[in-house]
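Subject: Structure for you to look at

Hello,

Here is the structure I promised to pass on. Please open it and keep it beside this message as you read.

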Amino acid sequence: MDKSKDKVISWLQISDLHIFESSATAIFHSELKKICGGKTDFLLITGDLHQYEKKPKSGIGRYEKTIEELEEVMKNLGLSSKRDVFMVPGNHDAVDFRGKKKLVAEIDEKAQRDGNFDCYNGKEAKLEASFEVFQEFVREFYGAEDIYGGKEIHNHTQIWNDKIEILHLNTAFTCNGDNKRKEIVNLIELSKVKRQRPDLPLITIAHHSYYRIHECQRPILKRFLSDLNTKAYLCGDEHRESKESLELEEGNVPVIVCGKSAIDSGDHWSNVDVIFYQWHYTEPQGPVEVQLYRWNPLLPGLEPSYTLGTKKDVEKSIQTGVIRWPRFYLKKDAAFVQMCGDERKEEKPSGKRFNLKKAAQDTAQQVRESLLYPWLKRESASFSLIYDKLYMEPQIKHLNQNCTMPLKDFWGICEKEKNQKIWVLGDAGAGKSVVLKKLFLDKIKADEQTFFLNALELLDDNKNDKSKYIQKILEGKRKCPRDLWLVIDGIDEAFASDVGGFRLFVKQVEKLPCKVFVGCRSQYFEEFAEATSFHRIELQKWSETLASHYVEEYFEKIGKSELVSVYSELYKTEEYIRCFAQNPFHLSLLLYLIENPDSDGIKLNNIYSLYSEFFRQWMSREHSRNTGAKDEAETIYKELWGIARRLYDRQEVVTEVSDTAILGLLNTQLVENNRKLVRSFYHRSFMEFLLARAVIEAMKKCPDELVLIAKRNNRSDVDAFVKAGFAVESYVQKNAMVQNMIGAYWKSKKEPEAMTEDEHFYVENQIVYYMTRMKGMNAEPVETFIKSIYSNENQAIMRQGIAYGAANLGIFDIALQFARGMNAGSVEDLTNRSWTLVFYGDMPDEDPLHYVDDGTAPWNRSRAARLRRLQGIGKKECAFRMFDLQIMYGFLESRGWKGLSEGELKIIESCETDIEGYPAEVVDFLAGAKEKLVREYRRRLHYV
């Protein structure tokens, strides 16, 4: 289809098809037709075309479904000729051959050790053998319309319709299944590529981003791309879209990464999307509008996404009169890319500099006007509350000095010292955000140079000027004012699933020459933070006096002082009320319930019931105000769960809901018409509760429902709510839930094709975890179930989870059987070591299901955790001791008994093994394991 008469040429980019069987694929095709049908001139596919199967077919059989899929896509796009389809191979399109891993290792060694950018020289023919099946597929797909003629795996260019030249770059040349290694390109072959039509704009398609190419090759590759005058670099591989910039001789060009373009119900990490490009073909230059469409499973369907830029960029380009390749400018959410020949307009500097003081004052105004709680409506005439009017000065523990003091005394110390870096730690709801915002407002009031932002802003694809400024300071690209007080909140939420990013952030902060205050949950810090020079202060629980003072102030501000007596009576009679009063946020939820009482009164017995009652009353009150739609409670819960799940998995969420019972709990940004980009929940604990509630409700319903929910992995923050939710149920309900858990486990086992291998593990492992950590149900069926599944389980990591659960329940025969098998170097030992390194943060970026310890990884955090448990005398510490003694020996043996000390030996020698109530067989094993560890430890320390 030639649209030159319309002066618009359009193409679609898809990537990483993998071809999964999915009931939603038909909807996906329908969406492509609706969005791009009849508008698309040609199709670009940036790698990984093979079909996914647990038992892969050989030869061309790997691509049977791929051919069907591509022909269906073409039909929906309105493409009649296969000459309008261009593709490059991806890493999954390269098959193994005997000796390939060794060959690639030798090539990598040359690149790493010698910086040899032609490290593959002489091995090209062997490496090309990996693509024989891919070449067969290409010939089969194109048939008589074959445009490649054997060049499909080589670096070369193709011309589309005398309008655009397309450079095909094979970045999968040396792929061997290791996603951590950098990719190698056949630069010798690329150096021989000549432009067929230098008068046409050229775009490059590849599977891997330029930044995934080996460092020793990048300068040469960059020069070739510059000499060929490439205007854009389009790629895939990452399964998540992104945009970066590549600086070439004539200016920067965009590197646009497409996500995964295939529906896979079992993949919750990838973003499923396509990218649609429209080139406004005006001589000699014209912009390209780039529109990302992302799959939203809640619709379901493809919807415009806003991760490639902001409207503000376009407005700037209009003001300066400059649209220059390759800068991105957006009109609504379409990125403008100049695809011209050699003619360019010069970009004029705007002369506008970032004003730190004005930005800080604007932020301060936003903080002052922000709602203290979502139920304190800004439009209400009853109150106009800001942070300092209800601020309570907390006590803090200075962890570095192991002393407790008022927070204001610590701030006084900070005034006297320069360049301090301070962790402000505390439990969820302890008041970290309020403390940090109060500090920021006080410094603004005192006319000090200070700045506040939430760490999530640093990760935003569409950073505003202030977050860009701070990011450049952190990266060392901008000078940092030495008198700055930099306040950053929510670091644990921003890096919840990215420990590597968290540690990099900490290293960047340590280098700053100013004072920095960072808010973080205590548990996250303890699990993942490494040793730093930071001061560490931890907010302490509120005292009865402080809580009472807050209650009096709160009810006075909202004009309901008579409710203070209701709180006081509850405090005297209910134990859990006294627990809630120690946590500022939990106390605030309680006060909301007192202010909006149920006809049956307030009946709470743990943290789960507090949140459950809050949500129930919140929905009722919002609907009584006649604001927005009035959805049924379960409909609202379902919508909130969908938002929570995607945010928890670090995915973009755009919503069009209007119900204030939903919107009132979210931090959103209006992006277009009624569409809102969800940044976060008002409080992260709301998200954790919603995910836990979904688990609890699934446990009540049926095994099928529980399998659907449990295949999405949760962390300890959600698990804590799940356990609390189980605790509030009746004895009869708990036993019914246990039966549903057992049913879900066996359903997962009996239907191996229904989910991915990882999803099966998440379902089965989480069920075992919950059943062996929950209390108050009939123990007999649980014990029978645990014994049954252990004897039938072949997977070592699942046997480990079952054994730990058995130890927790006191089923010692199973626990002892696994512990006895944990001899140094055994499968059990290796499995436990590998899992421990990931779980305790020594190898945080590894996948705990697939990582294998090779004896070289650091184990400082795992080591410290084992030693802490060996010193403990609680139920958990004693139950897991048989594993801890064994794994200590395994770690030391695997690392050559390095880093020994007398202090560590004393801890091991003093650990208790004659544990009261334990069977003699267990006590004997503990004594023997300890004696063996101590004896070898002494010998290695050269004891006589």
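Predicted model: local features only at pLDDT ≥ 70, side-chain atom pairs only at ≥ 80, totals over all residues.

Six strands form an open sheet. Their order is S4-S5-S6-S7-S9-S8, and the pairing is mixed. As a reminder, strands in a sheet pair through backbone hydrogen bonds, either parallel or antiparallel.

The edges. Strand S4 (156-160) and strand S8 (242-248) stand at the edges. Each has a single partner strand, so one side of each has no neighbour in the sheet. Neighbouring strands are turned against each other by 25 degrees on average, direction ignored.

The S8 end. S8 pairs with strand S9 (residues 251-259). The sense is antiparallel, and there are seven bridges. To find one of the bridges, look for Glu247, whose partner in S9 is Asn252.

The helix. Helix H7 (residues 218-227) packs on this sheet. H7 touches strand S5 (164-169), strand S6 (202-206), strand S7 (230-239) and S8. The direction of H7 makes about 80 degrees with that of S8.

Two residues to check. Asp237 lies in strand S7. Asp237 is not a glycine, yet its phi is positive, at about 80 degrees. His239 is also found in S7. His239 is not a glycine either, and its phi is positive too, at about 65 degrees.

Are these residues buried or exposed? Asp237 has 16% relative accessibility, so Asp237 counts as buried. His239 is buried as well, with a relative accessible area of 16%.

Best wishes

How values were computed:
Residues numbered from 1 in each chain as written. Heavy atoms only, no water. Pairing = 2+ DSSP bridges. Helix = DSSP H or I, 4+ residues; strand = E, 2+ residues; numbered from the N terminus. Axes fitted to C-alpha atoms, helices over the stretch in contact; angles between N-to-C directions. Contact = heavy atoms within 4.5 Å. Buried < 20%, exposed > 50% of the residue type's maximum accessible area, 1.4 Å probe, protein only.
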